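User: I would like to learn how to read domains and sheets in a model of this kind. Could you take me through the features one at a time?

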Amino acid sequence: MRKLYRELFLEISIYLYLVVSKLLKVKTNLSINGKSYPIQAPKKMPLLWAIRDIVGLTGTKFGCGVGQCGACSVLINGNLTKSCSILVADVIEKEIFTIEGTSENLEILRQTWSDGNVPQCGYCQSGQLIAATSLLDAIEKPTDKDIDDAMSANLCRCGTYTRIKKAIHKAVALKNETV
Amino acid sequence: MSTIQKINRRDFIKLVGLASGGVLLGCAIASEQKDFIPSQSKDVFHPNLFVHLEKNGNVTLVASRSEMGQGIRTSLASAIADELEADWQYISVKQAIGHEKYGNQNTDGSRSVRTKLMPMRKMGATVKMMLITAAANKWNVAEADCIAENHFVIHKKTNDRIFYGDLVEEAAALAIPAAASIQLKKVENFKFIGKTLKSVDLKDFTHGTATYGIDVRIPNMKFAAIARCPVTFGTVQSFTKNKAEQVSGVEDIFELPRLLPPTGKFFGMLGGVVVVANNTWAAFEGKRDLDIEWNKGANESFDSKAFKKTLTKRVHTTGKLVPGAHGNVTTAFETSAKTIEATYHIPFLAHAPMEVPNATAWFQVDKIEVWAPVQDPQTARSELAHFFEIPIENITINVTFLGGGFGRKSKSDFVVEAVAISKKIKAPVQVVWTREDDIQNSFYHATSAQYLKGGIDQNGNVTGWLQRVGFPSIVSSFTPYADYASGFELNQGFTNNPYAIKNFRLESVKAEANLRIGWMRSVVHIHSSFGINSFVDELAAAAQKDPIAFHLELLGKDRVIEGKSKFPFHSKRLKNVLKTTAKTANWGAQLPKNHGMGVAIHYSFYSYIATIVEVSVLDKKVKVENIWTSIDCGLALNKDTIKNQLEGAAIFGMSLTLFGKISAKEGAIEQNNFFDYPMTRMKDAPNIHINIVDAMHEPPTGVGEPGVPVIAPAICNAIFNATGERVRSLPLMDLGMV
């Protein structure tokens with residue numbers, strides 16, 4: 001009898017544990033760069049860590065964890081977002097775009113980034129390129145001020161800012177050439 | 001003198017993981033001179049740098065130095081490729097593991113090109129010579145009639161051509177030619193050296209595919225975060241882990257005792273409480289939820305504000321005389337028409353590379369494998385052998401890309417942590433520091449105070465110079481109770497003052513360390529350049545002379561000062577960069593209202609630098625408008641890389657001038673993250689104009705660091721020019737000026 005109680009208690013405990021962890025965890029698909037990734041993650045987990053540690057795409061970088069440096073920048077439904085500061089639970093059924101993706105603006109920026117030999121250590125450049133993509137998506141011909149406003153959320157400790165600015169201007173010029 | 005030797009192919013393949021056959025060469029070079037950064041490297045080094053040519057023509061070059069943004073992989077490869085007469089499109093670069101075979105790998109002190117250019121060139125030239133011999137043998141013609149060009153050997157008489165890849169077998173069978181027979185190219189025949197080559201890593205950098213330490217993924221690896229005592233060297237008294245254990249993904253929590261480095265070497269690790277999890281975020285969350293009682297220890301009483309006062313008091317009274325004084329400053333000041341005094345301060349600083357310290361380690365019974373962003377993989381390796389008692393040959397250090405280093409990643413404490421945790425949990429693990437950990441548990445760039453007194457005569461000539469300086473020494477991180485600046489530190493700009501001053505005296509005052517002190521990009525030159533350039537500007541103003549004319553006058557007659565190194569100081573070259581910068585900045589021209597220009601010159605890492613900064617000051621807020629820098633770094637290996645480094649140095653220098661400050665209260669660092677340890681952003685960035693002075697026939701000197709020390713004094717001198725107000729204590733943020 002006692003054994004039965006014990007087993008029953010164990011069963012209930014396991015059941016409760018499963019219910020609670022189901023509530024705290026989310027089993028879903030993340031749509032990243034047009035591809036669907038089934039994941040199971042705590043609901044409170046910032047998107048950055050789901051992308052890096054669960055999905056395994058490491059191009060999106062950790063820099064500060066508090067939305068101050070922009071190294072973790074991604075686009076969510078086209079909107080520039082710091083992935084360290086948005087929860088997995090908030091991006092379900094949304095389209096996530098990372099540095100591993102491709103778009104017309106990103107490809108042009110990649111080219112001018114390379115032409116201008118922009119990166120030094122390269123670590124922040126994923127975020128810089130995503131932020132610049134978002135800028136070109138929004139503004140056809142950004143001014144210096146537009147670029148300053150759009151890009152000042154992204155830190156580069158190596159100090160490649162002047163080259164980044166030039167590369168963005170060149171990308172705009174290149175785009176207009178090809179049109 | 002260098003000797004070239006064949007490397008056992010199996011060793012080579014083991015080292016760089018290449019599977020196909022080819023020509024393998026190692027190059028053993030005798031010792032490079034010792035630099036001022038303490039290092040574990042032995043006095044005699046045996047660099048082995050490798051060229052690997054495959055039958056399809058592909059050439060793999062091994063980069064022995066760590067890539068942290070200075071473009072070293074591209075620069076070193078281009079030196080080999082130039083002498084090899086290689087076609088650049090066949091070149092790829094492989095990163096060396098940490099191993100003495102590669103010679104000194106300590107990526108520090110702006111010395112990679114300075115010390116590796118010639119060995120690299122010789123290696124390329126040797127391979128080229130062997131390929132020519134192989135082709136001549138094949139054709140049965142004289143070697144003298146053959147030349148190498150763009151991945152082909154050409155027989156001049158018949159114009160027959162043979163592709164490098166088709167010579168692999170013949171070349172591999174040849175003996176290595178004697179070192180004395182190797183001929184190097186003339187400067188005017190360089191194809192890559194002295195030109196511009198883009199980074200070989202651009203594709204990876206623009207696609208998020210470059211693997212930094214933090215991107216390493218090993219099957220079944222765990223992630224760990226460590227709660228370290230907020231007070232330096234404090235220890236864990238007790239801790240509660242209930243809350244942390246409930247974080248989903250947390251798997252293990254335990255105490256990690258401090259590993260104390262033996263006197264004179266290594267870094268050890270701080271210890272603390274470790275949270276192991278199945279993802280980084282869970283480890284961070286678990287760490288935050290720990291409840292820890294600390295034994296804070298002796299450093300708990302440390303207050304950086306009080307320390308600033310103490311240091312100031314000390315530099316205002318007589319200190320320890322530093323050798324090298326000449327003349328008599330006391331009588332000089334007595335007979336001067338005017339004497340000027342000033343005291344300057346720089347706070348503690350943290351490197352804050354964009355990629356936080358991190359390391360991945362796998363400890364397996366009798367061997368250790370590490371993947372980490374380290375500037376000095378050999379010290380890390382020796383350190384692991386010491387602490388974990390594993391034979392050094394069983395320790396592999398894989399060097400990843402570094403998301404910035406700036407000196408922080410020379411200290412391998414984070415590698416030791418990863419190995420200690422892996423050993424304990426018997427699984428591969430990645431230790432990741434939070435940004436707060438990085439800001440609060442760093443090896444800090446020391447705070448400094450300096451007092452200067454100068455005399456000028458009726459004609460505005462400097463009669464005497466007294467400088468007293470105090471800053472906690474880097475040596476304190478290696479030897480307890482080192483509480484005066486060491487010789488190697490004072491030699492960074494203080495003792496080797498470039499000016500021709502008749503009466504000169506340098507004194508050093510006590511400065512104890514209550515934080516871990518380390519070196520940050522440009523190291524002590526940041527202090528010396530700030531004090532000296534600010535004070536020369538003050539003297540110029542007192543003498544009512546133009547600052548640039550005053551600098552030139554003070555530098556005196558052209559002279560050469562032979563140091564212990566093979567790079568004597570030429571005052572003419574320093575004057576030359578100053579004149580060049582004055583021209584490019586259009587010094588002396590009418591400036592817009594509220595604008596001002598300031599100048600600074602400095603000799604560091606054997607390079608000559610002059611910078612002019614233009615600022616505007618509106619409502620007491622400073623905006624840096626323009627920065628002009630000229631450098632004479634001898635042979636300029638890769639011009640665009642040099643430009644990029646100096647642009648970056650200008651931004652780095654701006655960050656420390658405008659925002660840089662680490663302060664401590666009750667022993668704990670007050671700053672947390674980029675919101676209270678800010679740095680230059682795009683909107684603050686000025687126009688930057690870099691000029692590389694042509695000195696192709698001189699040996700190459702430093703590039704990564706020399707651009708930084710001039711920025712702070714040039715900005716502050718520009719502020720004086722615009723407003724008439726002196727800034728003597730950094731950062732500007734503290735003065736409400738940004």
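User: Which domains does the domain assignment give for chain A?

Analyst: Domain bounds come from an automatic or database domain assignment, and for chain A that assignment gives domain 1 (2–97) and domain 2 (104–178). Residues are numbered from 1 along each chain as its sequence is written, with chains lettered from A and ligands numbered from 1 in the order in which they are written. This is a predicted model, in which local features need pLDDT of at least 70 and side-chain atom pairs count only at pLDDT 80 or more, while totals for chains, interfaces and linings use all residues.

User: How many residues of domain 1 of chain A are in contact with domain 2 of chain A?

Analyst: Contact means that the C-beta atoms of two residues, placed from the backbone, lie within 7 Å; here 13 residues of domain 1 of chain A touch eleven residues of domain 2 of chain A. Strand 3 (residues 73–76) of chain A gives the most to the domain 1 side, with three residues, where strands are DSSP runs (E, at least two residues) numbered from the N terminus.

User: In what order do the seven strands of the open sheet in chain B lie?

Analyst: Strands of a sheet pair through backbone hydrogen bonds, either parallel or antiparallel, and two strands count as paired if DSSP finds at least two bridges between them. In chain B the order is 11-12-9-19-16-17-18, with mixed pairing, and the edge strands, strand 11 (250–256) and strand 18 (395–399) of chain B, each pair on one side only.

User: How do strand 9 and strand 12 of chain B pair?

Analyst: Strand 9 (residues 222–227) and strand 12 (residues 272–277) of chain B are antiparallel over five bridges, and B:Ile226 stands opposite B:Val274 in strand 12 of chain B.

Methods. Helix = DSSP H or I, 4+ residues; strand = E, 2+ residues; numbered from the N terminus.
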